[in-house]
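Here is a short briefing on chain contacts, domain contacts and charged pairs. Keep the structure open while reading.

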Amino acid sequence: MAISELPVPTWRRKGKRGQRAAGSTVKHLVLIILSVSFVFPLFWMISTSIKPTYEQMRWPPIWIPNPFDWSNYPQAVQFEPFFHYMLNTFNYGILSVIGTVLSSSVVAYGFARINWPEKNFLFILMLATMMLPFQVTMVPLFILFKHIGWVGSFKPLVVPVFFGSAFNIFLLRQFFMTIPFSLSEAAYIDGASEFTIFMRIILPLSKPAIATIALFQFIYAWNDFTGPLIYLNNQSLYTVSLGLQTYVSSYGTQWGLLMAASTIATLPIVILFFLTQRTFIEGISLSGLKG
Amino acid sequence: MSVEVGRGVVTRRKRNPNPVSKARQRRNRLTGWLFISPWVVGFLAFALFPFLATLFYSFTNYNMLNPPQFVGLLNYKQMFTDPLFWQSLYNTFFYTLIFVPLSTVVAIAIALLLNMNIKGRAIYRTIFYLPSVVPLVASSVLWLWLFNPSFGFIDAFLRAVGIPGPGWLYSEVWVKPALILMGLWGIGQPIVIYLAGLQGVPHELYEAAYLEGANAWQRVRNITLPMISPVILFNVILGIIGSFQYFTQPYVMTQGGPSNTSLVFALYLYQNAFQYLHLGYASAMAWLLFVIILLATLLVFRSSAKWVYYGGEQ
């Protein structure tokens with residue numbers, strides 16, 4: 001009998017019941033303290049956003065105001081068109097999701113499922129581009145996009161995504177490699193082309209991985225700041241992050257309004273995160289393990 | 001291939017156990033290139049071209065209004081005498097050298113806690129990950145409020161327990177620790193990756209060590225850490241690349257202040273490019289940044305031969 005087949009590892013069983021319970025309580029206590037410090041800032045953001053100014057500055061603090069004062073929200077939206085910014089951000093997100101899913105899946109197939117001589121070299125080159133800092137390509141790309149009149153539109157942010165993004169290609173390639181090659185071989189013998197195999201066999205089997213990269217891309221776009229800061233110089237195109245940043249520079253000390261605006265910017269993405277947690281956590285775990 | 005039959009195939013098999021027909025090899029090469037062609041076009045247009053163009057601009061004086069003017073190594077020489085350049089380089093190194101090791105230790109510690117036999121692991125994991133999905137600008141605004149010296153929660157709390165608050169973002173000494181503290185709030189991604197790595201460590205190893213009389217710390221030191229060392233390498237490299245490009249939080253929260261003590265390299269680079277329109281100088285800085293990141297990554301990779309353990313596979 002191998003050690004791994006033992007019913008319960010004996011080292012976990014050792015120790016008196018009381019000792020183990022105490023150990024477990026300590027673990028939970030540490031984890032609860034840590035959890036509270038991770039959640040507290042977000043709690044405080046919402047709490048501040050539903051308090052009138054004089055209550056925000058009170059000590060001992062008013063944890064949960066009674067009654068809730070919602071007036072910061074309509075005011076925040078009145079000073080800056082946050083719903084319009086949200087629509088812009090949403091469009092940016094959806095377009096870049098379409099772009100990355102179309103391009104990254106095709107490219108990943110070429111890297112994962114076809115054997116050809118230059119494949120490995122190009123794959124390493126692609127991984128190396130992940131190390132290229134944004135700042136190195138920033139200036140020439142800005143000049144290029146300015147020359148062709150794209151600055152002041154979403155094109156500089158969205159068009160490059162349609163040519164595949166290294167991280168997403170990498171993630172999909174890792175997933176495609178796990179699909180048995182006998183499936184492709186059988187289809188090939190039946191006369192299917194690589195493109196047919198890609199469309200009919202690999203893509204349908206890869207829905208979870210595709211969902212993961214779509215999600216990553218959407219969250220990336222929603223939270224992106226540097227790209228919009230450089231290219232969206234027209235207020236009607238602002239994303240929520242950019243809108244929020246201008247808000248800080250104009251209403252720097254009105255914390256109730258700022259927290260209401262931050263809550264508005266954060267809420268959609270947090271809801272999306274809760275709805276898609278499993279896909280999300282699995283995707284992140286995958287990214288680290290086969291690297 | 002089983003498609004072909006006849007004596008010729010049998011003799012060829014002796015030389016090459018898995019022969020693929022020449023025609024199929026040629027076709028594979030063509031379809032391979034075809035499938036990755038979107039990436040090739042993107043690589044040429046959005047990586048290689050700007051990468052080389054930055055090098056070109058770094059030897060010029062350029063403000064986007066007049067055509068670039070060749071000035072040789074002037075931009076690079078100018079860096080040596082520019083105090084803000086040195087200050088920003090120092091700030092970024094300070095942030096990276098403290099944040100990367102600190103976040104690695106904290107993330108591994110939390111992942112180890114989560115990996116123990118506890119109830120509600122999924123809930124804790126969600127809680128630790130949650131701050132990482134908050135938009136960076138929103139979390140910057142939020143921490144601006146928490147760090148506020150007059151009414152912010154952190155200083156009010158410190159005052160209540162009798163410690164005068166250091167003023168955080170308004171203090172030349174405390175602004176960097178404040179940003180590092182805020183950075184630690186967003187380490188959910190490495191925590192999740194470490195946890196996945198920890199769950200892949202075989203139980204037999206702990207079992208055997210326990211029978212040999214190893215205590216908890218020895219088990220962590222001699223089993224857990226070596227077994228997850230490839231994951232540590234992955235996270236450390238991502239951490240280094242990210243820290244050298246650190247930009248959004250100081251841009252939103254301090255604009256580099258007070259007295260440039262939070263003027264990080266990427267922020268100074270951005271200001272040169274888009275506020276002062278010194279595009280040549282900014283390009284030279286960008287190239288330097290690339291070289292620094294490349295060297296730091298290579299250094300970590302080379303050192304990894306000493307501390308990363310790849311099991312029996314390699």
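**Salt bridges and interfaces**

Arg278(A) and Glu282(A) form a salt bridge, with their closest N and O atoms 3.3 Å apart. The model is predicted. Over all chains, the structure holds 3 salt bridges. Between chain A and chain B the count is 2.

**The pair within chain A**

- Both Arg278(A) and Glu282(A) sit in helix α15 of chain A. They are 4 residues apart, about one turn of the helix.
- Arg278(A) has 64% relative accessibility, so the residue counts as exposed.
- Glu282(A) has 46% relative accessibility and counts as partly exposed, because the partly exposed class ends where exposed begins, at over 50%.

**The pairs between chains**

- Glu118(A) makes a salt bridge to Arg29(B), and the closest N and O atoms are 2.3 Å apart.
- Glu118(A) lies in the loop between α5 (82–112) and α6 (119–129) of chain A, and Arg29(B) lies in helix α2 (residues 22–57) of chain B, so this pair joins two chains.
- Arg29(B) counts as partly exposed, at 40% relative accessibility.
- Glu185(A) makes a salt bridge to Arg24(B), with the closest N and O atoms 3.2 Å apart.
- This pair also crosses between chains: Glu185(A) is in helix α10 (residues 181–189) of chain A, and Arg24(B) is in helix α2 of chain B.
- Is Arg24(B) buried or exposed? At 12% relative accessibility, Arg24(B) counts as buried, because the cut-off for buried is under 20%.

**The interface of chain A and chain B**

- How many residues does the contact take from each chain? It takes 96 residues from chain A and 94 residues from chain B.
- The two chains bury about 9000 Å² between them. Carbon and sulfur atoms give 78% of that area.
- The interface has 12 residue pairs in polar contact, both residues at pLDDT 80 or more.
- Helix α15 (residues 255–289) of chain A gives the largest share of the side of chain A that touches chain B, with 18 residues.
- By class, that side of chain A has 67 nonpolar, 22 polar and 7 charged residues.

**Domains of chain A**

- Chain A is divided into domain 1 (21–69) and domain 2 (81–289).
- Taken over C-alpha atoms, the centres of the two domains are 34 Å apart.
- Their contact takes 5 residues from domain 1 and 7 residues from domain 2.
- The two domains bury about 520 Å² between them, 77% of it on carbon and sulfur atoms.
- Which residues of domain 1 lose the most area to domain 2? They are Met45(A), Ser49(A) and Gln56(A), together 68% of what that side buries.
- Between these domains there are 0 salt bridges. There are also 0 residue pairs in polar contact, both residues at pLDDT 80 or more.
- Helix α2 (residues 17–49) of chain A gives the most to the side of domain 1 that touches domain 2, with 4 residues.
- That side of domain 1 has 2 nonpolar, 3 polar and no charged residues.

**An enclosed helix in chain B**

- Among the buried residues of α8(B) are Val175(B), Lys176(B), Ala178(B) and Leu179(B). Others include Ile180(B), Met182(B), Gly183(B) and Leu184(B).

Technical notes:
Residues are numbered from 1 along each chain as its sequence is written. Chains are lettered from A and ligands numbered from 1 in the order in which they are written. This is a predicted model: local features need pLDDT of at least 70, side-chain atom pairs count only at pLDDT 80 or more; totals for chains, interfaces and linings use all residues. Side-chain values use heavy atoms; hydrogens and water are left out. Contact means heavy atoms within 4.5 Å. Buried area is the accessible area (1.4 Å probe) that two parts lose on being put together, summed over both. A salt bridge is a side-chain nitrogen of Lys or Arg within 4 Å of a carboxyl oxygen of Asp or Glu. A polar contact is a pair of N or O atoms within 3.5 Å; within protein, one must be able to donate a hydrogen and the other to accept it, and residues adjacent in sequence count only if both atoms are side-chain atoms. Ala, Val, Leu, Ile, Met, Phe, Trp, Tyr, Cys and Pro count as nonpolar, Asp, Glu, Lys and Arg as charged, and the others, Gly among them, as polar. Domain bounds come from an automatic or database domain assignment. Buried means under 20% relative accessible area, exposed over 50%, partly exposed in between (1.4 Å probe, protein chains only).
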